[in-house]
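Subject: Structure handover and notes

Dear colleague,

I am passing on the structure below, together with notes on what was found in it.

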Amino acid sequence: MSKKYILKPGRHQFAPRSPAIHTNDNLADEDAEWYLQKYPHIASLFEAIPTEEIHPAESDEKSVQSLKIGAIQNNNNEDLFTTN
Amino acid sequence: MSIYNKINAGFSLGTDAPVTAGIEDVIYIFNQGDVTLTYDTTNPLIVTGLTAATGTNIYKFEGTNNSFNTSSKLAKTSVGPRYTEEIDFNIAGFSVDIKAQLMAMGYGRVCAIAVNNFNSSDTAIELFGAVNGLILTDAERSAADETVDGGYKLKLTNPDKLREPYPPRAVSIPPTTGAATYASTIAAIEALLAS
């Protein structure tokens, strides 16, 4: 499974004065989630943070729209097929 | 640094970029507890990122006439080399607000970033107090002092019984894409200043 939380290159401190030990190689997604909750300012240290958890409503709407478009396209094809 | 006790390069004297003395008349100071540092993956002497906690900033102290100075000195100990650091600067002003800042620097630990006049180097911008911080150890004001015209003469140094395990770190912050430069580093530091 690919990582969802990707740290920028370098060895990062997550809390001031802590040793700089956090790298993308040693940070699991669960740990990243926990650290982000405790230290929100470290969000800028990440190259990628999953967005679906922040905006779940938007992604649902998109999936509904794409279903509708798909259904319309299917209907059109059926119509074309029958007319031909 | 797996092989930490073997040198692996020499130095050739050249005229392309002769070293020059002094630092610019600006010191960036921040509370040690406000900012997290990112280090280069392989070289702990290079800081590649500064991240300020929410609502915190870096503060800029400006001077004039090449009156600021930094120094670091190796101290030999039974457990290896350690480094003492000193930053001398002054404040060309006199107010309650200045006194409050000086008191805070005497109680809390800060880190300081200095910009060398010799800026064609990968360590032109240096961070002091990266591990143990600095505190204000001298804050002297002599009202009739002609050299600073009644301003404060200040000195930041390592807290008592503490030294740094490394020489001052080079601050080298890359832009969004590409390699770090003097300009990209200064821009990244300035972006953290209080607006």
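Chain B holds an open sheet of 4 strands in the order 5-6-10-9, with antiparallel pairing; strands here are DSSP runs of E of at least two residues, helices are DSSP runs of H or I of at least four residues, both numbered from the N terminus, and two strands count as paired if DSSP finds at least two bridges between them. The edges are formed by strand 5 (69-77) and strand 9 (135-140) of chain B, each of which pairs on one side only. On average, neighbouring strands of this sheet are turned by 20° against each other, with direction ignored, where axes are lines fitted to C-alpha atoms (for helices over the stretch in contact) and angles run from 0 to 180 degrees between N-to-C directions.

Please bear in mind that this is a predicted model, in which local features need pLDDT of at least 70 and side-chain atom pairs count only at pLDDT 80 or more, while totals for chains, interfaces and linings use all residues. Residues are numbered from 1 along each chain as its sequence is written, and chains are lettered from A and ligands numbered from 1 in the order in which they are written.

As for confidence, the model scores ipTM 0.84 and pTM 0.84. Chain B has a mean pLDDT (the predictor's confidence in each residue, from 0 to 100) of 94, and 98% of its residues reach 70 or more.

Returning to the sheet, strand 5 of chain B is joined to strand 6 of chain B by a hairpin through 2 residues, and these two strands pair in the antiparallel sense over 9 bridges, strand 6 covering residues 80-91. Within this pairing, B:T84 is the bridge partner of B:K73, and B:Y83 stands opposite B:L74. Strand 6 of chain B is also joined to strand 10 of chain B, antiparallel to it, by 6 bridges, with B:D88 opposite B:K155.

Chain A follows the pattern β-β-α-β-α along its sequence, that is, 2 helices and 3 strands. Of its 84 residues, 13% are buried, a residue being buried if 20 or more other C-beta atoms, placed from the backbone, lie within 10 Å of its own.

Where the two chains meet, 16 residues of chain B are in contact with 16 residues of chain A, contact meaning that the C-beta atoms of two residues, placed from the backbone, lie within 7 Å. On the side of chain B that touches chain A, strand 2 (35-39) and strand 3 (46-52) of chain B each supply at least two residues, and strand 2 of chain B gives the most, with 5 residues.

With best regards

Technical notes
A residue is buried if 20 or more other C-beta atoms lie within 10 Å of its own, exposed if 12 or fewer, and partly exposed in between; C-beta atoms are placed from the backbone.
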